[in-house]
Amino acid sequence: MINLTAKITRPLQQDRALLGQEPALRGRVIQYDGLLLECDGFPVSVGSVCSVETAGGSTVLGEVIGYSEGRNKLVLYQSGAAVQAGAPVSLMDQGTMVDVGDAYLGRVVDGLGLPLDDSPIPEGAAKTPLNGKLLNPLARGIIPGPLDVGVRAVNGLLTIGYGQRIGIIAGSGVGKSVLLGMMARYASADVVVIGLIGERAREVGEMVRAIMGSEPHGKVSIVAVPADRSPLLRIRGARRATALAEHFRDQGKNVLLIMDSLTRIAHAQREIGLALGEAPTSKGYPASVISMIPALIERAGMGVGPNFGSITGIYTVLADGDDSNDPVVDTARAILDGHIVLSRSIAQMGIYPAIDIPASISRVMNDIVPSQQQKAARKFKRFVSLYNENRDLMLMGGYVAGQDLDLDQAVSVWPKLVDYINQSPEEQAQLAHSAKQLSVIVGQ
């Protein structure tokens with residue numbers, strides 16, 4: 001049974017067993033306002049994990065986010081903790097390295113690596129930097145070919161390559177989670193790492209049960225940090241999921257990394273940035289948010305070395321109020337290798353997945369698919385655009401057949417276009433079959 005209400009408060013001895021040795025560096029709480037805690041200064045780096053004793057005798061973990069005037073500044077992983085002035089603060093872990101390995105496959109953990117699936121704490125076989133390693137862009141491998149994600153419209157019209165980073169841009173309630181679940185189950189990847197960051201606990205639970213209840217779930221690792229957790233824990237969860245993907249890529253495996261959602265990660269960084277006094281810009285986002293998004297996304301992609309693997313990154317971006325000009329949407333769209341737009345109007349027509357084909361693009365598709373499929377995909381998009389642009393005119397009776405041969409053809413094949421995009425979650429569409437169907441529909 002999945003336990004999504006696991007507390008971050010534990011007895012002191014359990015914290016020490018989890019995070020390392022007996023603490024040697026200690027201080028005491030000087031100020032705490034419910035979010036930002038300040039304590040005596042002792043030598044730590046930003047990102048270090050500390051333990052704070054509460055009034056009830058238990059402990060709560062927090063993360064160092066800065067220091068000034070001889071004081072360390074922390075944000076606790078649990079809000080509303082009963083912390084008193086003068087309470088001991090102890091360094092538990094430098095926070096720069098995290099456990100990784102096959103022990104995390106088939107498991108669900110939080111941002112600290114603690115289990116949410118009522119199983120023992122995973123014991124990783126290795127450690128890797130939480131924030132990744134800088135890779136020489138010229139040393140990275142070239143995208144070798146297409147990745148079969150099991151979704152017909154994506155395979156045929158927006159083909160994704162191994163090592164590509166692509167975004168799914170959508171408002172709330174248009175089928176984003178269902179599309180992600182299909183990709184997680186059907187993608188032809190060696191390992192699937194899923195970061196469920198800042199989503200509703202109910203939605204997290206449903207997705208975990210759907211993915212882990214299917215076979216084979218032994219190649220899936222999930223890092224889940226629901227919306228009610230600390231903003232720092234949400235950011236750490238995203239970085240831990242990426243670090244896991246990097247570990248498997250360095251072993252020569254092709255990894256599918258699904259991050260849901262990039263917007264919630266940006267919201268968490270906004271909370272921290274504003275708490276530290278950063279100046280807000282568009283929609284209240286400080287500059288640290290805009291710099292964090294490329295740093296996280298660029299960790300995916302092709303590996304380096306003779307036996308490198310790949311990380312194919314799929315990042316969901318929530319368009320708040322269906323605003324596609326949100327700063328997070330703009331930043332993600334600029335750094336990603338393509339985007340899939342889900343449209344509310346298409347969902348209201350009963351078409352799922354509700355992909356807006358003309359508004360979506362895969363920037364590497366032309367490099368990895370045959371020219372025949374490229375031509376068929378362009379023709380398909382043109383038919384969809386023609387039909388949508390003239391739909392109202394045709395409904396009003398303002399168009400007479402024979403005036404535009406391309407439009408007449410688009411109208412005649414429209415039911416087939418809709419059937420091609422429509423796909424139930426239980427249906428898997430193979431890459432080769434998707435391309436063949438596409439050519440048959442458009443007569444290419």
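Author: Let me begin with Arg 107, which is buried with a relative accessible area of 12%; buried means under 20% relative accessible area, exposed over 50% and partly exposed in between (1.4 Å probe, protein chains only). This is a predicted model, where local features need pLDDT of at least 70 and side-chain atom pairs count only at pLDDT 80 or more, while totals for chains, interfaces and linings use all residues. Residues are numbered from 1 along each chain as its sequence is written, and side-chain values use heavy atoms, with hydrogens and water left out.

Reader: Which side chain does Arg 107 meet in a salt bridge?

Author: Asp 117, at 2.7 Å from N to O. A salt bridge here is a side-chain nitrogen of Lys or Arg within 4 Å of a carboxyl oxygen of Asp or Glu. Asp 117 is buried too, with a relative accessible area of 12%.

Reader: How many salt bridges does that rule give?

Author: The count comes to 16. One of them joins Glu 38 and Arg 71, with the closest N and O atoms 3.0 Å apart. Glu 38 lies in strand S3 (residues 36-40) and Arg 71 in strand S6 (residues 71-76), so the pair ties together parts 33 residues apart in sequence. Strands (E, at least two residues) and helices (H or I, at least four) are DSSP runs, numbered from the N terminus.

Reader: Is Glu 38 buried or exposed?

Author: Buried, at 13% relative accessibility. Arg 71 is partly exposed, with a relative accessible area of 31%.

Reader: And what does Lys 127 pair with?

Author: Asp 99, with the closest N and O atoms 2.7 Å apart. Lys 127 counts as exposed at 53% relative accessibility, and Asp 99 is partly exposed at 23%.

Reader: Changing topic, how many cavities of 30 Å³ or more are there?

Author: Two. On a 1 Å grid over the protein atoms alone, a cavity is a set of points where a 1.4 Å probe fits but cannot get out; lining residues have an atom within 4 Å of a point. A volume is the space filled by probe spheres set on the points, which are joined across faces, edges and corners.

Reader: What lines the second largest cavity?

Author: Ser 177, Leu 196, Glu 199, Glu 203, Val 204, Met 207 and Asp 260. About 30 Å³ of space lies inside that cavity.

Reader: Which helix gives the most to its lining?

Author: Helix H4 (residues 201-212), with three residues.

Terms used:
1 Å grid on protein atoms, 1.4 Å probe; cavity = no way out; pocket = protein on both sides within 12 Å on 5 of 7 lines; lining within 4 Å.
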